[in-house]
Amino acid sequence: MIRSIRFNSTQTGLKKTALHDLHVELGGNMVPFAGYSMPVVYKGQSHIESHKWTRSHAGLFDVSHMLQSTLQGKGAINLLHKVTPTDFQQRSPGVGTLSVLLNPEGGIVDDTLITKQSTHDFYIVTNAACAENDSQFLLSELQSVTEAKWTPIRNRSLLALQGPDAHRVLKPLLAWDQSLTDLYFGHRRTYKLFNGTYIDVARSGYTGEDGFEISIPNESASDFVRSLLDNQLAKPIGLAARDSLRLEAGLCLYGNELNESITPVEAALSWVISKNRRNITEGVKFNGYEKIMAQLNNKTHRDLRVGYKYQTKGPAARTGSKIFLPDGKTEVGHVTSGSASPSLDNLNIGQGRVLKPHNKRGSNLLVQVRNKLLPIELVKMPFIPSHYYKG
Amino acid sequence: MFSRALLRTVNPLRISIRAQSTNALSKTALPFTYSPSGPSAVKYTNQHEWLAAHSDGTAFLGITKYAADALGDATYVELPEKETQLEAGEAYGSVESVKSASEVYQPVSGEIMEANNNLESQPQLINTDPLGDGWIARIKIAEPDSLESQEGLLSLEQYERSLKEDE
């Protein structure tokens, strides 16, 4: 039934995170991912158990494969305002946001989390699989900006601690005078651990749950992870559950929902285009400004990212499955991510791109899986309520 | 944010420790108890299917414990239609997990007599008892007498050995 049952995990040339040996010790099933050897599930917890544990307690993910970097200098804002449609001028220091890097045609080079550390100092997280491309893109864009320096961070690990118990797991490891109660969603700050180590903590993540993304020096990462996992509320969680959690949260996966030919408007991410970056008469315009503003103002785009739920049981539609009108003949889109939803009793859900005007919530369409057409309904995302800590 | 999906093209599947006996047929479930004295033969394929043949010329089909562990939680099982005629090697259904869908293939030629409808409401039987209550279909074997001489069918010992050699 399984033609090639196991992935070649002895593949050479894979990079390892600082936590690699600990993953193996914890029973991580290591697979190649974006050039790294990463855990997909851990022994003793199935994918669905891992998923549900994160939604009900706290899941710990090694996301050190993602690229952390800084952008510093007086020209930093000018660069950010050229390559993203998001405002960073009026943003308060210590506050971050999801955004997108735009190519000159307004297509998405990568999705990213950018935090303003101070007026001329920004912390950026981008995707591992896009690292080389992003690097070339940023270095080329930097040529037209003065006084801005982009520096990848190589000596720090990145962890995501996610779930309703995440704060209960992190808090006991902080120095006695450190508080998480005024660290709201999107905020990022340096904290001191009980043992004197400094960590940078952002209240963010990619699961729809409350939680933290923690940047820590590589040499301290392993001990810190052991301390977090000493807490019975926390378990290590692999990439399989990370993907199903983000899908339920209605979040995009670069390469599936996003690519260089899709604009933020088409990706249903218009909220990353800040109000004061629209209708610019003077000052820096972001890449693809004319096209993106025409889409915002005149609705010139042809299709949009949507979410759907199955109306019956059946095999899950996967990436590339075609979407049809109820006549079963008129193709109006395709699936970009799809799977059973562990939080919805394994009901099949997914995201896709659907032509206007068939993209409306409540539309009944059909999705093709092999030789079957299965009924779906377009629904609002996220598929389950988000639990961000907004105070 | 989260990076490009490689997972879906990957069968992320290395199972670390297995007991020798886990790929043996469950003695308490229908694929065994269908005949009072048990099946006349139990065979395996290197694609991780099993077949339990009975003296009336029919056989139960399913996937091995090794395959079920590798797939992870089954979320949906696509079952075959009754009376479908299938050649050895043809797909007769599929097993879906959250991440992937894998087709299941007929170890021998035959006609579908029945599918295990319990899997519609309890796909997890594939994980909890893949060699018993998680059987997928029962077929009428086209040539029941030539089972022993058919190519590609392994005994339990041969199958277990092939798993070891693959590691």
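Mentor: His51(A) counts as buried, since its relative accessibility is 0% (buried is under 20% relative accessible area, exposed over 50%, partly exposed in between, with a 1.4 Å probe and protein chains only). The model is predicted: local features need pLDDT of at least 70 and side-chain atom pairs pLDDT 80 or more, while totals for chains, interfaces and linings use all residues. Residues are numbered from 1 along each chain as written, chains are lettered from A and ligands numbered from 1 in the order written, and side-chain values use heavy atoms, without hydrogens or water.

His51(A) belongs to helix H2 of chain A, residues 47-56 (helices, H or I, of at least four residues and strands, E, of at least two are DSSP runs, numbered from the N terminus). Leaving aside residues up to four places away in sequence, His51(A) touches Ala241(A), Ser244(A), Leu245(A), Glu248(A), Pro342(A) and Ser343(A) (contact: heavy atoms within 4.5 Å).

Helix H7 of chain A spans residues 239-248, and its axis comes within 9 Å of that of H2(A), crossing at roughly 55° (axes are lines fitted to C-alpha atoms over the stretch in contact, with angles from 0 to 180 degrees between N-to-C directions). H2(A) is therefore oblique to H7(A) (under 35 degrees is roughly parallel, over 145 roughly antiparallel, 65 to 115 roughly perpendicular, the rest oblique). The crossing is right-handed (the near helix is turned clockwise from the far one by less than a right angle). By class, the contact residues comprise three nonpolar, five polar and two charged (Ala, Val, Leu, Ile, Met, Phe, Trp, Tyr, Cys and Pro are nonpolar, Asp, Glu, Lys and Arg charged, the others, Gly among them, polar).

UniProt, in an unreviewed entry, assigns residues 19-276 of chain A to "domain: GCVT N-terminal" (such annotations use the numbering here, have shortened names and may be inferred rather than shown by experiment). That span is 25% helix and 31% strand, and its end C-alpha atoms lie 42 Å apart. Elsewhere in chain A, helix H3 (residues 76-83) is mostly covered, with six of its eight residues buried: Ala76(A), Ile77(A), Leu79(A), Leu80(A), His81(A) and Val83(A). Their cover includes strands S4 (67-72), S5 (95-102), S6 (108-118) and S7 (121-126), together with helix H4 (131-142), of chain A.

Lys99(B) sits in the loop between strands S6 (91-97) and S7 (101-105) of chain B and is buried, at a relative accessible area of 11%. Thr128(B), by contrast, is exposed at 60% and lies in helix H4 (residues 125-128) of chain B.
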